[in-house]
Amino acid sequence: MHVHLIRMLEVIFSILALLAIWYSFANFTNIKRIFIGRPMRTKELNAQHTKLFWMLALPILSADLYSSVAYGPEAGVTELIGLGPAAKWFILPITIASVVLLGILILSYIMGVIAYPGGGGAYAIAKDNFKRAWPSLIASSSLLVDYVLTVAVSVSAAVEAVSSAYPAVQPFETTLAMVVVLLLVLINLRGVAESAVIFAWPTFIFMACMVVLIATGLLDEVRHGFVQSTTPAFGTFPQGLTTLLILKAFSSACSALTGIETISNAVPIFREPKQKSAIKTYIALGVITAVTLLGFAYHLYVKGIAPDPKNTMLSQLAGGYFGHGGIYQIIIWSTFVVLILAANSTFTGFPQLSAIVAADGYLPRALTNRGDRLGYSNGILVLAALASILIISFRAQTNALIPLYAIGVFLSFTVAQIGLLRRWKRVKGPNWPLKFAINLAGSGLTAVVAIIFAFTKFVDGAWVVLIVLPLIITFSYIVKRHYTQVALELRIDPKETHPTRHRVISIVLVSGIHRVVNNTVTFANSLGTEVIAVYVGFDDESIAKMETKWNEWGSPCRLVTLKSSYRSILEPISRFIQTLERWEGGKPDHIHIIVPQFIPKKWWHNILHNQSALLLRAWLFRHKDVIITTVPYHLQK
């Protein structure tokens, strides 16, 4: 009965989705205005109301990093739980090590913001400090992959948080995740400033919930002792524990550090002074994240909570303190929202970074186009599409996605740190030895984490990222080479190359004598060129009939009839064009093809016609240097 209900709901939702798609296409402009808002002028791009005050930037840009506290410690202890309860205490040293690395990374990125206020993060740093392009492409490709995975992981983790509290949701996790991604797309297409206002308060509520949770834990420990019956023994080393396993657990816990680079990538969206605003955001983020990670991990240790695939550790801890009443529900739902916001912060970072890389010619230029609301709408849509593929492929399971998650992040961290090392050595400046030491420590730690992830998570799915990254970098080089070749081919010397006049022959493709053809021949005769009408018949009878009607019509221009024995209009037209090219002395730019096309009043009428004009244009565009013009005729009924 339950399975039949699910299938029935899926059918209903599918029908509703199809109806919504049909209505959206039929009323595209109105729907777009409702969901996305009015178009904004280009001059509004640098207006203050389109930029973020740092207090608003904190929730919108830091949600990725801060929300990781909900699953970072759990990811670390999950690697050790197979050793038994004696390994639970390792959550404390692992989390402390993560917080130390967090501090080093935030200091490094603050220095990066000071040095590169234009945004771009690791990509901008690598581009400025390496002569070759591949280090910056490693950084950008790693970050772009990370952004896609951030959306997939955060949305999946949000759905899992809800299904932990409401098991009935579990069969619909993938569907719910897709709905969330769609909502994020719509909100971000409206613009960064508006999405910040919408999402600021839920993030602050989650931060408050975590503070309440940690404070409640401290009160509980004051009443019942800081060592309770559930607290595992501290300092025990269970059998089977190895250095590699500890490093694996540490690297998994470091998944809580993803998202640090989002602020440095998005410096241009801050209000003036941009650098100071970004630095304030980094400091506030570092303090609250460190306090939350340490407090959360400590209470998990005291309560001896173990990972459960069907119930997150955060859910278990909140349930232990508050039961499943109102406060528990607030914590669970705020966790759900903030994990979605983590994905939303990526919808700011991915378009910004992809636009910067595309402007340098390493990605399609379409990613630099701004939409009606001045955001990089193409980047938003690409991010949503790629994340959706991952969510569907991994059925919205966070643990299945995390092995793919952190390799790219820490690889880009490492490239950024090494780039800053090269900068301090070249530029020097005040306190450069201290800066050099911080980045040296950071580069070593992040490189170790990246290597550990690649080695220990290889079989679990990390091999996908290790294959995808070289493919993206190769694709970037191919795109760059293409743009370079196009620029060289199109470049002219204005002193030597000038426009010239040619004799043009206009060929009108006709299918009979009717209003559409009359409209097209009238246009062709108005151009002042030699006009030839071409008719393709499938038998002698149709050709003779056409010639008779043409003469009765008064022969408004020369008519050439072609016979197609195989019922194709492309082959005889191709032969005729080649003949004309020979007659015109091999000058194909003399030939002008005019294609008549009628436009139905209603869009669905198109499926009732054979669309031969579209097929002709598609084929003719591939014909070397033939000029094509479409003359539309709009039907009134």
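Colleague: Is I205 buried, exposed or partly exposed?
Modeller: I205 has 44% relative accessibility, so it counts as partly exposed (buried is under 20% relative accessible area, exposed over 50%, partly exposed in between, with a 1.4 Å probe and protein chains only). This is a predicted model, where local features need pLDDT of at least 70, side-chain atom pairs count only at pLDDT 80 or more, and totals for chains, interfaces and linings use all residues. Residues are numbered from 1 along each chain as its sequence is written, and side-chain values use heavy atoms, leaving out hydrogens and water.

Colleague: Which helix is I205 in?
Modeller: Helix α9, residues 192–224 (helices are DSSP runs of H or I, at least four residues, numbered from the N terminus).

Colleague: And how far is I205 from T335?
Modeller: Their C-alpha atoms are separated by 9.4 Å, though the two sit 130 residues apart along the chain.

Colleague: What does T335 of α14 touch on α13?
Modeller: T335 belongs to a contact (heavy atoms within 4.5 Å) that includes L314, A318 and F322 of α13. Those contact residues divide into seven nonpolar, three polar and no charged.

Colleague: New topic: how many disulfides are there?
Modeller: Zero, in a search of the whole structure (a disulfide is a pair of cysteine sulfur atoms within 2.5 Å).

Colleague: What about C209, buried or exposed?
Modeller: C209 counts as buried because its relative accessibility is 10%. C557 counts as buried too, at 11%.

Terms used:
Helices (H or I, at least four residues) and strands (E, at least two) are DSSP runs, numbered from the N terminus. Ala, Val, Leu, Ile, Met, Phe, Trp, Tyr, Cys and Pro count as nonpolar, Asp, Glu, Lys and Arg as charged, and the others, Gly among them, as polar.
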